[in-house]
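This report describes selected features of one protein chain. The sequence and the structure are shown first.

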Amino acid sequence: MNVMEEQSTAGPARRSAPPRPPGPSWRPGPPWWNREGDEVHGSRLPWRSTLLLTVLVIVGTHAAAPDRLHGRAPLDVLAYALLLVASGALLWRQRHPVSVAFVTSVAATVYLGAGYPYGPVFLTVAVGCFGALVAGRRTAAWTAVGVFWAGHVLVAHWLYRWLPPPGDSAASWGQELVVTAWVVAFVAVAELVRVRREQWARERVERAQAARRRADEERLRIARELHDVLAHSISVINVQAGVGLALLDADPEQARTALTTIKAASKEALGEVRQVLDTLRTPGDAPRAPAPGLGRLPELVEQAASAGLAVTVEGTAPRLAPAADLAAFRIVQEALTNVVRHSGSRHARVRVETGAGALRLRIDDDGPATGADAGGSGNGLAGMRERAAALGGTIEAGARDDGGFRVLAVLPLRASSEESVERREGR
């Protein structure tokens, strides 16, 4: 089964799955917090919580009124209207937090100034100012709290002489200290929640940025893999196809050999492309075939020979971590592919040596450059530099004084050994 057949077989199953939204699949913070954030940007209003709080304030005030009517005015239409205004304004606490904070503060102050009994009306001020604080409107929230507290002090210690109910007396300063303590505690809790919410927001942004960065790095890695695999194999196929066409009539046996080489090169390219596609379909799973490394240099020499390029290898490849081994192999592969495409030389030399804690790969050809368009993408050298840089190494490429071309790669062995240790320890 070829790659196209595999894709058509697996296609319906993949298409039946719903598309996944971009970004991380979870969000930090409690679920109710994230729902509030969604409602801010959406068209929905928090009517359920507002309705529940309104019922609590109305019923709670009505139930507590008989026990607190000593020296207070009885509940009437104005009292219930003020309670409804203070509670109903909370419906817009997410869209207009500043306005709601002041509406609840003023409504509760007027309610107390009219001499009505104490009750759950304080909850409306707490929720309204709390919403303004966590929305980042600290000045407005503190001002609204200050208005309510100052209004309560004025009513309880000065204006009570001219306000209902008649014959009311001044409140004790001990009661005022209790109210002040509750206000300070409320503001402290609200500030703590605001800071925590900002921290959750920063973490969410950082995680989203990290996810995008990992996705970009993975796309670059896959692009490099596909470029290196296809560029090398298609270069061999291109050369052998030209040989086969030239010898098809004059030397059919040699043309058959060229077609056999094309078949082998295309089969190997399909296998490596399938391995890359498998990692996309099943992320996190280990690849079923080992990644190529410098141990496959003899195969690479044979493939180059089939494309008409004689390659001499000097030195012995050391034992490397998988990522470094793959990068070294791909660098040599891309360098030889560039010789086949762009050089008039039919001979190349690969030298592998270690020293000073680094692996040195040197690929030379004797030139000259053909200057012909070989159909490449021009990303070969860039891909080699990205591979080397990912491991803390360097790539130098350029023409030699004698007319040839040289690619020199230096990869640190220390990073490779540390990576190997981490893989063994499962980190």
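The model is predicted.

**The sheet and its helices**

Five strands form an open sheet in the order S1-S2-S3-S5-S4, and the pairing is mixed. Strands S1 (310-314) and S4 (394-399) are at the edges; each has a single partner strand, so one side of each lacks a neighbour in the sheet. On average, neighbouring strands of this sheet are turned by 10 degrees against each other, direction ignored. S4 and strand S5 (residues 405-412) run antiparallel and are joined by six bridges. Within this pairing, Ile395 has Ala409 in S5 as its bridge partner.

| Helix | Strands touched | Angle between directions |
|---|---|---|
| H11 (residues 322-342) | S1, S2 (347-355), S3 (358-365), S4 and S5 | about 10 degrees with S3 |
| H12 (residues 380-390) | S4 and S5 | about 150 degrees with S4 |

In H12, the residues Gly380, Gly383, Met384, Arg387 and Ala388 are buried. Viewed down the axis of H12, its buried residues fall within an arc of 135 degrees, so they line one face of the helix. Ala389 and Ala390 are exposed and sit on the face of H12 turned away from its buried side. After H12 comes Gly392, with a positive phi near 85 degrees.

In soluble globular proteins, nonpolar side chains tend to be buried together. Here the largest nonpolar core has 33 residues, of which Leu294, Leu309, Val332, Leu336, Leu359, Leu361 and Ile363 touch the most other members. At least two residues of this core come from each of helix H10 (297-306), H11, S2, S3, H12 and S5. The most is given by H11, with ten residues. Leaving out residues up to four places away in sequence, Leu336 touches Leu300, Leu309, Val311, Ala348, Val350 and Ile363. Another core, of 28 residues, lies apart from the largest one; Ala79, Leu90, Ala141 and Phe148 are among its members.

**The aromatic pairs**

Two aromatic pairs are found in a search of the whole structure. One of them is formed by Tyr111 and Tyr116: the distance is 5.3 Å centre to centre, the planes are at 35 degrees, and the pair is tilted. Tyr111 and Tyr116 are both buried.

In the pair of Phe122 and Phe148, the ring centres are 5.7 Å apart and the planes are at 80 degrees, so the arrangement is edge-to-face. This pair links distant parts of the chain, with Phe122 in helix H6 (residues 121-134) and Phe148 in helix H7 (residues 138-157), 26 residues apart. Phe122 has 31% relative accessibility and therefore counts as partly exposed. Phe148 has 7% relative accessibility and therefore counts as buried.

**A buried glutamine**

Gln240 belongs to helix H8 (residues 173-247). Is Gln240 buried or exposed? Its relative accessible area is 7%, so Gln240 is buried. Apart from neighbours within four places in sequence, Gln240 is in contact with Ala258, Thr261, Ile262, Ser306 and Ala307. Gln240 and Leu259 are 19 residues apart in sequence, and their C-alpha atoms are 7.0 Å apart in space.

Note on methods: Residues numbered from 1 in each chain as written. Predicted model: local features only at pLDDT ≥ 70, side-chain atom pairs only at ≥ 80, totals over all residues. Heavy atoms only, no water. Pairing = 2+ DSSP bridges. Helix = DSSP H or I, 4+ residues; strand = E, 2+ residues; numbered from the N terminus. Axes fitted to C-alpha atoms, helices over the stretch in contact; angles between N-to-C directions. Contact = heavy atoms within 4.5 Å. Core = buried A, V, L, I, M, F, W, Y, C linked by side-chain atoms within 4.5 Å. Buried < 20%, exposed > 50% of the residue type's maximum accessible area, 1.4 Å probe, protein only. Phe/Tyr/Trp six-rings, centres within 6.5 Å; stacked < 30°, edge-to-face > 60°. Arc of directions from axis to C-beta.
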